Amino acid sequence: MSNCDQLGDLLSGYVDGELTQQERQRVEVHLRSSAECREALNELIRLRGTIGNAMQSEGLSDQRWERIAGESFASGTQQLSWFLIACPLVIATFVGGVLFAWDDEVPVLIKCFVALIAAGLGLLFGIVVRQRWNEYGDDKYRKVKI
């Protein structure tokens, strides 16, 4: 394997600034002697610039994102949407469970297994909700801007 092949893999990390000082120095020394690798580096830099410009032109400005995220209407609508989804699901699950329990054609053993599975799933769901509720105030990513 040639030196260009070995260091060629480091060029992307070099462009992104993700190399250690030693790796960066190795790449810089090699670039002085390899026109092929310098051209590959220039191509990566052009490609990164093109992609970055395309993503910026397609996206919303930071001010627009802040305004959208900060709207009380958007926040309230999101909470209302989750409530409107959750309520019918909880009611349907409860009604289905009652109807299943009262069905005389279903053996008692199957009813017990289904009840144990439902209790386990409900317990797991409750634990996750409780953990998220407790961590909400300490969530360091809660105020991260998109």
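Modeller: Glu43 and Arg46 are joined through their side chains by a salt bridge, with N to O at 2.7 Å; the term denotes a side-chain nitrogen of Lys or Arg within 4 Å of a carboxyl oxygen of Asp or Glu. This is a predicted model, in which local features need pLDDT of at least 70 and side-chain atom pairs count only at pLDDT 80 or more, while totals for chains, interfaces and linings use all residues. Residues are numbered from 1 along each chain as its sequence is written, and side-chain values use heavy atoms, with hydrogens and water left out.

Glu43 and Arg46 are about one helical turn apart because they lie three residues apart in helix H4 (residues 35-58); helices are DSSP runs of H or I with at least four residues, numbered from the N terminus. Arg46 also meets the side chain of Glu39 in a salt bridge, at 3.2 Å from N to O.

As for accessibility, Arg46 has a relative accessible area of 45% and is therefore partly exposed, that is, between buried (under 20%) and exposed (over 50%), with a 1.4 Å probe and protein chains only. Glu43 is partly exposed at 43%, and Glu39 is partly exposed at 43%.

Elsewhere, Arg132 and Glu135 form a salt bridge whose closest N and O atoms are 3.6 Å apart. Arg132 and Glu135 are three residues apart in helix H7 (residues 108-135), which means a separation of about one helical turn. By shared partners, salt bridges join Glu39, Glu43 and Arg46 into one network. The whole structure contains five salt bridges.

Terms used:
Helix = DSSP H or I, 4+ residues; strand = E, 2+ residues; numbered from the N terminus.
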